[in-house]
Amino acid sequence: MGVGNTLSSNCSIIGTNDGFIDREVFLNVYDLTPLNSYSIWLGFGVFHTGIEVYGMEYGFGAHDYSISGVFEVEPKSCPGFSYRCSISLGHLSMSASEFREFIEAMASDYHGDTYHLISKNCNHFSDDISQRITGKRIPGWVNRLAKIGALFSCLLPESLEVTTIKQMPDYHTYEDYGSDSASTSSSHEASENDEVDHRVLLSPATEIVLIREVPR
């Protein structure tokens, strides 16, 4: 079987155990460029990924602030990318509330201003989360280009440097996560004295919400 067929086969893996469907963990894979349709046959591509669990998808993207770059979005609908497939990674033993505490704690390790296309991208985040909650790594082909990064980074289109969160047109500050009341300020400036760890940034146009960071 060729490399391309292997990748296509891996991309078609879905869960079949209905009894554990609510605890099943999926890796949702997106194309960042139409060129993936050709490069995937050579064993690599430029992909965005997110971890789907308990009905939401979690990813990592860049912004200019030293606060959480971990965001949540409706599964298989991360804006700006073309959904390719979902891969079952197994099942987690955490309850929904336990997972929420876990992902909020993880957000302190993934600030938006630490994002790096080669060394700390969305696929590194997905792999880290997967290992921690299922004990399994994501498929190697998903982030293969980053592993060859020093050779290929100069060839990547400039548009790929702009990540999901940077594409958001406005930031809206929410004082309480899950509250109906919200400030509609669209300022992109953050004061060092602001209590940013208690805020969630939301763009109504894309429905991407940054996960509130909880210090460990």
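**Inside the fold**

Author: Let's start with Cys122, which counts as buried at 3% relative accessibility (buried is under 20% relative accessible area, exposed over 50%, partly exposed in between, with a 1.4 Å probe and protein chains only). Bear in mind that this is a predicted model, where local features need pLDDT of at least 70 and side-chain atom pairs count only at pLDDT 80 or more, while totals for chains, interfaces and linings use all residues. Residues are numbered from 1 along each chain as its sequence is written, and side-chain values use heavy atoms, leaving out hydrogens and water.

With a disulfide taken as two cysteine sulfur atoms within 2.5 Å, the count is 0.

Now the rings. There are 9 aromatic pairs, meaning Phe, Tyr or Trp rings (the six-membered one for Trp) with centres within 6.5 Å, called stacked under 30 degrees between planes, edge-to-face over 60 and tilted for the rest. One of them is Tyr30 with Phe81, a tilted pair at 6.3 Å centre to centre and 55 degrees. Because Tyr30 is in strand β1 (24-31) and Phe81 is in the loop between β4 (70-73) and β5 (82-91), this pair ties together parts 51 residues apart in sequence; helices (H or I, at least four residues) and strands (E, at least two) are DSSP runs numbered from the N terminus. Tyr30 is buried at 0%, and Phe81 also counts as buried, at 18%.

Another pair is Phe47 with Trp141, edge-to-face at 5.3 Å and 80 degrees. Phe47 belongs to β2 (47-53) and Trp141 to the loop between α4 (122-134) and α5 (144-147), 94 residues apart. Both are buried. Phe60, Tyr110, Tyr115 and Phe125, meanwhile, make up one aromatic cluster.

A cavity here is a set of points on a 1 Å grid over the protein atoms alone where a 1.4 Å probe fits but cannot get out, and its lining residues have an atom within 4 Å of a point. The largest cavity is lined by 15 residues, and those closest to its centre are Val46, Leu117, Asn121, Asn123 and Asn143. Two or more lining residues come from each of α4 and α5.

Methods. 1 Å grid on protein atoms, 1.4 Å probe; cavity = no way out; pocket = protein on both sides within 12 Å on 5 of 7 lines; lining within 4 Å.
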